[in-house]
Protein chains: 2
Amino acid sequence: MPTTPPAAPAPPHYTQLCTLRHEARTLGSISSLLNWDQETYMPHSAAAHRAEQSAMLSGIEHERSTSTRLGDLIAQCEADKALTGDKGGEGGREAANIAEMRRDYDLATKLPTDLVSELARVGSQAQEVWKEARKTSDFATFQPWLEKMFALTRRKAECLKAGKAGGELYDALLDEYEPGATGKEIEAVFTPLRPRLSGLVKEIVGGKGKRPNDAFLNVPFAPAKQHEFGTLVLKAMGFDFDAGRLDTTTHPFCSGMAPGDTRLTTRYRDEKFTDALYGTMHEGGHGLYEQGLPKAERFGQPLAEAISLGIHESQSRMWENFVGRSREFWEWALPHAQGLTRETGGAGGPLDTFSVDDAFKAVNLVQPSFIRVEADEATYNLHVMLRFGLERSLISGELPVKDLPGEWNKRFKDLLGIDVPDHRRGCMQDVHWSFGLIGYFPTYTMGNLYAAQMWETIHTEVPGLRDQMRRGEFAPLLAWLREKIHRHGRRYSATELCRMITGKPLTADPLMRHLEGKLRGVYGA
Amino acid sequence: MPTTPPAAPAPPHYTQLCTLRHEARTLGSISSLLNWDQETYMPHSAAAHRAEQSAMLSGIEHERSTSTRLGDLIAQCEADKALTGDKGGEGGREAANIAEMRRDYDLATKLPTDLVSELARVGSQAQEVWKEARKTSDFATFQPWLEKMFALTRRKAECLKAGKAGGELYDALLDEYEPGATGKEIEAVFTPLRPRLSGLVKEIVGGKGKRPNDAFLNVPFAPAKQHEFGTLVLKAMGFDFDAGRLDTTTHPFCSGMAPGDTRLTTRYRDEKFTDALYGTMHEGGHGLYEQGLPKAERFGQPLAEAISLGIHESQSRMWENFVGRSREFWEWALPHAQGLTRETGGAGGPLDTFSVDDAFKAVNLVQPSFIRVEADEATYNLHVMLRFGLERSLISGELPVKDLPGEWNKRFKDLLGIDVPDHRRGCMQDVHWSFGLIGYFPTYTMGNLYAAQMWETIHTEVPGLRDQMRRGEFAPLLAWLREKIHRHGRRYSATELCRMITGKPLTADPLMRHLEGKLRGVYGA
């Protein structure tokens, strides 16, 4: 049996490198707290000073993340064969760690400071213009700002691409969010997905399917009770409340800000309690990934950080859609929801007349609609693919910004079969592009694809999973995720990890099998 | 009529100085948020990393607050006659600002780094020892640690005193909390106060007084409703919730952390709702001072900071005791409290049978007891005077640490007429000394004395104050505090301010007049 040799004491240049990274990331963890506080509890009038605090801290962190000393130590470690000579075994960990530190350092030092501040400055103005102009679907006012943002982002991509041969400009942007991914590869996965998904939606919604009754979604559920329900579900999922919390904000998010500190947020409305539930499970999935990273031992090192947005999203979507929208989940969860909507001690609550089947069908309703963030599990990906195609053409210059609205509406009709009534519900709905988040959208659907492909493997490797889910036992699933994904940090790329876990590169098939199987059942199609 | 000449544009060295201070204090404001979060919402497991974050940020702040560049700029400003030549008029503001920056710089640079970390290290250990030993009143275990802390604090005092002629060592410690105050001066105020206060307590409690009925304090009041009550009172006091908040913690505090951001905390128990109320009003008084400082214009400058702990405490005690424990306050507040303790829509709540007189008398109950933080308005000051005398003797070396328990118990009996049963309720009850907070205690009673003396002036300068209080109108009172105290920041010393406002130096008379008048009424003595 091959054994791992005992680790030699780390050489001083490696220890120092890790210390410098630890310090820089510690400053970053403070910035995360500033952001979290701003979204949760900060008083209104503190906003101006908060901006100063954040700018100052980011400045100090950036200085430390780009220091010559840090660069020298990375180079010294790279040249140290004892650290980087062997990619296998325990030594491979440190080699991966150093390679990823190099990646971060290059990314941080490649952009000239004036471009970074220009992007921040113009992005913040463009976002304000967008916010106002969107209200009246006024694309003409927004257009010059969007043009500026795409021009600046092209400059950014050129800096990031410098020295790399081949590929398109868009790849350099993608790489920031999904390391190593290229437009071509994503296209190769999205292209077969598009017609199958679009066809499935038309088949069940427009064709022979029977629309499920969604009365289940409209039952009154007091926000405080929704919070109890969400907390109960998070605890069952294995979220550690000693090392995290759940609060309410306008826009739900997860901040894995520090070792022992992962904070989730959600929002409650009086109607449609499942929105908060799935928001909570989604952020909970992100949170479990953050809690599963080996931060206690390696905070500040890539080995304690998440691989990519796509892999992060695979964790959130898995809990939200593959667990939360399953029949098995509702077998366990429905009695809890019923209990929480009954008056204290009483019987006959408003959820009591619904069956597991009612719940399962209602939460899997498919409905082509205009707004991405409100879309169902199936049509969501069509929204994302639309944006991917458009932003790629906008970056290459093939599509001028002025032609965006027309092109958006045309492609939207093709994909979803409905006419976009105005830009507010069309190409002006998302905040992303206005502040330069370009190359980000495809990671949402990649998350769904990764989740689907992993989910098939999980079913073969976690025996009794369906029965466990019926009993609200998610520990075996979480243990699998911890072992196969979380504990590795950035040791492997997303592509490597996918192959290691599922034995195959990423394809559209598992997601389509999942959606076709489930939705044809729900729609009796 | 004398007019202020238009301010000349500030010279660059002054502007730069203010910028550097602004930056250092901005880092400090982030540290304050870290502390606040730790006490309110931080998950348990985040504690270790939080300590790292705090240490790192304090380190960066300390570097900036003690930089040679900052020192040079202060010297340059001091030498600039246009800035410091005239103490009167508008120019006087900048002169005061620079003098206070010098004071802070000297304080920050006078202590050698190794002593600072030694104090932090030993203090943190001593505090842990104290926490454990206190449980069993085990002074023997605590004694060597207390000896170390007094020895280190003496070294600290020697460093701070270096270059200053005259005075005792203790003054150097006092000066950190109450700038300019001396042991001799405080003694001169405390000495006549002690027998009068002690005599009054004996007169009403042990003698001819009639103990008021305190059933009012023991009425059930749900914590959520107590929170509503506290919020209502804070709003009436003028606390700006757009620029602040109220949360719950184990130990109530106020953090005026940043411009537009003042956070209060309190704690609710099921019994004795007035504890939370007075905790809230006390912290609210601190909070109003913080909100009244000109931070929007001058954050980072002494002119936007509080004068001293004594003046800060005068604000909290004024709202807690002079407003909150008055008959007029309860004329306004009682109906609100009664409403909040009634069932929704119903009548006949548990507070309905109590009159304003019942409330007023119950909240002014006097009772010699062992624990300072639970003491009433009158005996509280006896607890403080005891500590002042003892810590002064401990610093001078006149009293060895080993003799502390005996001396404590003897003096306690003299002052309060009761026998200390154990050290837990005696000389081991407070955390302060264990981590080097020596010279801090007297500021509590100075706060009461300042409040009393100002309160007499306020009555002559705010016409109709009593009637306003009966109607819950505190705006005229707050306007007076803003105008006379808050807006000045550190422009004047506590002693100067007291003379300016009241026309006299600080004496014990106003506090005694206040207590004698009120308590003899309450006790029918």
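## Helix α9 of chain B

Contact here requires the C-beta atoms of two residues, placed from the backbone, to lie within 7 Å. Helices are DSSP runs of H or I with at least four residues, strands are E runs of at least two, and both are numbered from the N terminus. This is a predicted model: local features need pLDDT of at least 70, side-chain atom pairs count only at pLDDT 80 or more, and totals for chains, interfaces and linings use all residues. Residues are numbered from 1 along each chain as its sequence is written, while chains are lettered from A and ligands numbered from 1 in the order in which they are written.

Which residues of α9(B) are buried? They are B:Gly183, B:Ile186, B:Phe190, B:Leu193, B:Leu197, B:Ser198, B:Leu200, B:Val201, B:Ile204 and B:Val205. Buried means 20 or more other C-beta atoms within 10 Å of the residue's own; exposed means 12 or fewer; partly exposed lies in between, with C-beta atoms placed from the backbone.

The helix α9 of chain B has 25 residues (183–207) and should span 36 Å at 1.5 Å a residue. The expected span is 1.5 Å times one less than the number of residues. Its end C-alpha atoms are 34 Å apart, in agreement. The helix is kinked by about 30° at B:Leu193, shortly before B:Pro195. The bend is the angle between axes fitted to the seven residues ending at a residue and the seven starting there.

## A hairpin in chain A

Strand β2 of chain A (residues 254–258) has 5 of its 5 residues buried, so the rest of the structure largely encloses it. Its antiparallel partner is β3(A) (residues 261–266), joined over 3 bridges. Pairing requires at least two DSSP bridges between the strands. Within this pair, A:Cys254 stands opposite A:Leu264. The hairpin has 2 residues between its strands, and A:Gly260 takes a positive phi near 75° there.

## Two positive-phi residues in chain B

Most residues other than glycine have a negative phi. B:Ser137 has a positive phi near 55°. It sits in the loop between α6 (113–135) and α7 (139–161) of chain B. B:Ser137 is partly exposed, with 17 other C-beta atoms within 10 Å.

B:Lys272 also has a positive phi, of about 55°. Its loop runs between β3 (261–266) and α11 (273–292) of chain B. With 13 C-beta neighbours inside 10 Å, B:Lys272 is partly exposed.

## B:Ala126

B:Ala126 belongs to helix α6 of chain B. Is this residue buried or exposed? B:Ala126 is buried, with 23 other C-beta atoms within 10 Å. Leaving out residues up to four places away in sequence, it touches B:Trp145, B:Lys148, B:Met149, B:Ser434 and B:Phe435. B:Leu73 is 53 residues from B:Ala126 in sequence and 39 Å away in space, C-alpha to C-alpha.

## The contact between chains

Chain B gives 27 residues to the contact, and chain A gives 27 residues. On the chain B side, α1 (12–40), α2 (47–65) and β1 (244–248) each supply at least two residues.

A rotation of 180° with 0.0 Å of shift along its axis superposes chain B on chain A (RMSD 0.0 Å). That is the relation of a two-fold axis. The same surface serves both copies, with 100% of the contact residues of chain B recurring in chain A. Superposition is by least squares on the C-alpha atoms of residues with pLDDT of at least 70 in both copies.
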